[in-house]
Amino acid sequence: QGNYVTRFGRFDEVLKGSGAAGASVVFAMSAERLAGRYTFPLLNQGVGGVPGVYVDAGTGQTVLAAAEQGATATLTLVALTEAVDPYFYTAVLPGRDYGTAQDEEVLLVTHSDGPNLTQENGTLGILALVRAFAQRPQAERPRSLRVLFDPQHYSPGRHVTDWYALHPEIMQRVVAVLGVEQIGQLEYGEADGQEPGDDTRPYGLTGRPEPWLIYARNDPAMIAAAIAAIQTTGVPRTELRIPEKKGQGRWTGLGEVALKRDLAGFATLSNMSGYWGTTAGIESFDAALAHRQIDTLVLLLQHLLLSDISD
């Protein structure tokens, strides 16, 4: 439901071309659940939208009643726009054959412009991976690790700069990809035992880990490696998906980097119950959970470093 709200409840499709000067969208949610929600993805560059406001179920009853009576209202949008220059950051942890024609790279990719703690911490996960493998002698790293922080996940137009096409000399060495985002997240939700239609349900942290998703390419060795990593670390509430298998769901998030380029790869994502709001703070981050998830990623990365990708 949180994902749906960020798309403005699909009301953007109704409003486009309607001539509306503004919009008030009423959701069947408590004020606590709706607080801090924002729309995503952003508009294309140079395109203006219809200013709007989200209204919780209780306030919505008052708004709808007033609308039925022909009442008028003023909606004021206070906004600031600023031209900025985002930068891609990349670095290499050299492998055994670095600097030679035989060098191969595993790409570690995340986006670096998240709006809150959950979405921004893929960079920290990748730094943890680099730190772990930097402790091994270079001769024991068969492939180099290429780090890429993408700054345009939330920018207008989304990914208008094709970094991969701009750097064919790098991509010709990349043989595998690991996408990292949304680690250590705790789950948000309503209190148990309440009726679904009750908009007064207490909403907040449930005390459980947010369900974590690992995506893998449809390859028996990669699937086996992912299962073994999950079982070895005991990472909780984790689901392995192979979207290329029928019925396993669509490929999501940073997994598309491997899928679109037909590379070996894994990617992570969470269910994001608190991800779509600005209200989730440090209290929604579980360091012990993040450590266990990073341990799992270490095993996945080890598989990409050591395996015969040509198979």
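**Figure 1. A charged group and an aromatic ring in the predicted model.** In this predicted model, the charged end of R261 is placed over the ring of Y164, at 3.9 Å from the ring centre.

**Figure 2. The stacked pair of Y188 and Y203.** The model contains four aromatic pairs. In one of them, the ring centres of Y188 and Y203 are 6.0 Å apart and the ring planes meet at 25 degrees, so the pair is classed as stacked. The angle matters here because planes under 30 degrees apart count as stacked. Y188 belongs to strand β7 (residues 186–190) and Y203 to strand β8 (residues 203–209), so the pair ties together parts that are 15 residues apart in sequence.

**Figure 3. The tilted pair of Y215 and W251.** Y215 and W251 form an aromatic pair with 5.8 Å from centre to centre and 50 degrees between the planes, and this pair is tilted. Y215 lies in strand β9 (residues 212–216), whereas W251 lies in the loop between β10 (238–241) and α10 (255–260); the pair thus links distant parts of the chain, 36 residues apart. Y215 is buried, with a relative accessible area of 1%, and W251 is likewise buried, at 6% relative accessibility.

Figure 4. Seven strands make up an open sheet with mixed pairing, in the order β3-β5-β4-β6-β11-β9-β10. Strands β3 (89–93) and β10 stand at the edges with a single partner strand each, so one side of each has no neighbour in the sheet. On average, and with direction ignored, neighbouring strands of the sheet are turned by 20 degrees against each other.

Figure 5. Helix α9 (residues 220–233) lies across β9, β10 and β11 (264–270), and runs at about 175 degrees to β10.

**Figure 6. The largest nonpolar core.** In soluble globular proteins, nonpolar side chains tend to be buried together. The largest nonpolar core of this model has 35 residues, of which L108, L178 and L301 touch the most other members. At least two residues come from each of β4, α6, β5, β6, β9, α9, β11 and α11 (287–306). Helix α11 gives the most, with seven residues. When neighbours within four places in sequence are left aside, the contacts of L108 are I126, V130, L145, R146, V147, L148, L178 and L301. Another core, of twelve residues, lies apart from the largest one and has L107, L148, V174 and V257 among its members.

**Figure 7. The surroundings of I223.** I223 is found in helix α9 and is buried, with a relative accessible area of 15%. Not counting residues up to four places away in sequence, I223 touches R217, N218, L240, I242 and K245. I223 and I242 are 19 residues apart along the chain, and their C-alpha atoms are separated by 7.9 Å.

How values were computed: Residues are numbered from 1 along each chain as its sequence is written. This is a predicted model: local features need pLDDT of at least 70, side-chain atom pairs count only at pLDDT 80 or more; totals for chains, interfaces and linings use all residues. Side-chain values use heavy atoms; hydrogens and water are left out. Rings of Phe, Tyr and Trp (its six-membered ring) pair if their centres lie within 6.5 Å; planes under 30 degrees apart count as stacked, over 60 as edge-to-face and the rest as tilted. Helices (H or I, at least four residues) and strands (E, at least two) are DSSP runs, numbered from the N terminus. Buried means under 20% relative accessible area, exposed over 50%, partly exposed in between (1.4 Å probe, protein chains only). A charge sits over a ring if NZ of Lys or CZ of Arg is within 6 Å of the ring centre and within 35 degrees of the ring normal. Two strands pair if DSSP finds at least two bridges between them. Axes are lines fitted to C-alpha atoms, for helices over the stretch in contact, and angles run from 0 to 180 degrees between N-to-C directions. Contact means heavy atoms within 4.5 Å. A nonpolar core is a set of buried Ala, Val, Leu, Ile, Met, Phe, Trp, Tyr and Cys residues joined through side-chain atoms within 4.5 Å.
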